[in-house]
Amino acid sequence: MKHVSVSVRNLVEFILRSGDIDNRKDVSGDPDAMQEGVRIHKKIQKSMPAGYHAEISLKETFDYDDICLTVEGRADGIWEKEEDGQRAVIIDEIKSMYANLSFIDNPKQIHLAQAKCYAALYAPETELEKIGVQLTYCDIDTEDIKRFRYSFRAEELRKWLKDLTDRYMVWARMDEEHRNARDESIRQLEFPYEYRPGQKELAIDVYRAIKRERNLFINAPTGVGKTLSVLYPSIKAVGEELAGKIFYLTAKTVTATVAVDTFKLLACKGLDMRTVHITAKEKACANGDFLCNPDACPYADGHFDRVNDAVFDIITHEHIITRELTFEYSERHKVCPYEFSLDICNWCDAVIGDYNYAFDPRVRLRRFFETESEDGYIFLVDEAHNLPSRACEMYSATIIKEDVLECGRMVKGMSRTLTSAITSVNKKLLELKRGCDGSYVIYPDVANLAKAMNRLQLELSKLLEKQKFFDMKEEVLDFFFKVKKFNDVYAEMFRGYKIYGKHQYDGSFCVKLLCVDPSDSIQGCLAAARSAVFFSATLLPIQYYKELITGDADDYAVYAETSFTQDQRLLAMARDVSSKYTRRNADEYEKIAEYIKAAVSAKKGNYIAFFPSYEFMEHVKEFLESGTCDMIVQNQRMSEKEREDFLSEFSFERDRSLLGLCVMGGIFSEGIDLTDEKLIGAIIVGTGLPMINTESEITKKYFDDDGKDGFAYAYRFPGMNKVMQAAGRVIRKETDRGVILLLDERFSYSEYRSLFPKEWSDCSRVTLSTVGDSVRKFWSKT
């Protein structure tokens, strides 16, 4: 018989939820609220008279023939007393908050339902006809208390609870039937294609890592079929009950689309597995203005009244739930598509989404990762070379002095204690600013600022909770979240952080908690996973990524063999040009332009030249505008349509070559597929090193001090990854042919050559006088 467990809170919040989405009413998660809430709970519990028992665990199992459902939870208090000479029992549910209790006329129905659940679970032990329920509300700020007390017949409570479990069992039984069908389909599922060379071995490596509960790093060159190679064994592991859910995590929408397409392919082969693709709130918003309240958004109005019906509808009719399907069903049921998609995740076997949903402490799916899962999860991290830099952004936080002053202006006259807190933070920032004589300064700690920031968050939280509507509330709320992030990061700072202050270009002053090594924070998130597989076509050097992602040099690692041959492309370097700052002059720009023109003129087709920066690109562009080819240029901050238009140019027939000018590390240097003759050449100018900047210099010193090659960690490794990503645009499948030209003398240096992938061992050398002939000779052979 199948056993299913559900907590009291989850049961009532799922079955009985109702009402609107309204971000104007609830601000939670401040650093002191939870701690203060626990303190208040204990204080109230200790203040109660004899016979009051705190934190009582309750559990009951209901037999539904094929499924046993266990409902369990912990009551804040059970008070056994005498009333009018009779034994009485009162179940106490305590709720603490920042709120003016005079405005609370009745308890929230969800809170009352929780207390009724505990009363129903405890009723058989009392043998009483009636049992009391008490809702105790406490204002954390003033410690004022307001109570609501009710009396229910035990028989009525038991019947009410049975109705709740009956309603929940509709979902549990539906889910169990799906799991049985899913597992049977997985047992029958075969690999959809003939294995490419090395692909079967790669799939076995993935399955072995999952079974052994280990992490695995995979460098898999383009053409290996890495998405299918990691998904297939992961799905098999789910079918064998090694894990209950797969999280396919991506850095960009395009790679998420590849994952969705792979699930669709396997569904055509018989896989019966629910999969959902979730996107950022900004992209999912159906209203367009991100105002999540019933007055501004019809989807927020009554969302919780309708969302369960919407979820049941979509999961019983669809298996691969794309963004488009989520929008379609959200429109049909008039629910918020973003919140809708999150609820769909609860009933899916695979979730496809951004790194944020697993690794960002402010966005991650807490419903999965903050409680231990009996089934276990598998993390599949695509394009994992992006994770260290993304993680450093997630785990860093900044406070700007001028933002603090602006907040003071917005809330002027609204709260004396808030004004005092703002003044205190500004004073601390001013002290730090005075100590910043140069462009930036490293601080060993900012404990005094952090203390003031915690107080500021507390006071902002009080204001936002107690004053539901006021001018500039959205702006104050945005600032609140910046303060909250700063406090959250400071409270959780591990090894791998530096704190610095800086005078910014606009004249403002900021203090930043900079994460330079995110491995500790990532490792904390990985605790929720049975196994994590990190894979990319450019995960080199693997030890570098191991160190920055998991911090465990003993994690498994695989270098997959490419299925492409060296005959498919010409790989050559030129040693007499460079993008070094000391070499940047008109003569150098012109020579680089001559190399590009020679390569493009040797064979009519479509090419992209990748540059280290927009400024460098513009200098070279001046020497390319001679009419030898059609030319298109990447611009900064291109819209979605402009990106699509740029890529569509590579699909047109032309009388002469097309040359696209792009920036390395930008939107066109990875994640795009220009197959066949849509792209036949990439010219890569420079080694991709980031520009010298404050944070790269801090990172360099951090790793130097740690006994490592700081320049490599801060500049060379990230730069060469951009180079390999750009080069990877040329050969995307077995029939592709093309040219890769590396223009920088540093490519011949041993410290850069050592970072070349194995398949680049045939890299030849060309000069301005030989590059055209080399390209023509390559094409004459193919």
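Which residues in α17 meet which residues in α18? Before the reply, some ground rules. This is a predicted model, where local features need pLDDT of at least 70, side-chain atom pairs count only at pLDDT 80 or more, and totals for chains, interfaces and linings use all residues. Residues are numbered from 1 along each chain as its sequence is written, and side-chain values use heavy atoms, with hydrogens and water left out.

Now the reply. On the α17 side they are A447, L449, A450, M453, N454, L456, Q457, L460, S461 and L464, and on the α18 side K473, V476, L477, F479, F480, V483, K484, F486, N487 and Y490. Contact means heavy atoms within 4.5 Å. Helices are DSSP runs (H or I, at least four residues), and strands are E runs of at least two, numbered from the N terminus.

The axes of α17 (residues 447–466) and α18 (residues 473–492) come within 9 Å and cross at roughly 140°. Those axes are lines fitted to C-alpha atoms, for helices over the stretch in contact, with angles from 0 to 180 degrees between N-to-C directions.

Next, the core. The largest nonpolar core has 183 residues, and F359, F379, I399, L449, L456, V511 and L742 have the most contacts inside it. Such a core is a set of buried Ala, Val, Leu, Ile, Met, Phe, Trp, Tyr and Cys residues joined through side-chain atoms within 4.5 Å; buried means under 20% relative accessible area, with a 1.4 Å probe and protein chains only. Helix α25 (residues 710–727) gives this core its largest share, ten residues.

V511 also touches residues beyond four places in sequence, including L449 and F486.

Last, helix α19 (residues 519–526) has S519, S521, I522, C525 and L526 buried.

Note on methods
Buried means under 20% relative accessible area, exposed over 50%, partly exposed in between (1.4 Å probe, protein chains only).
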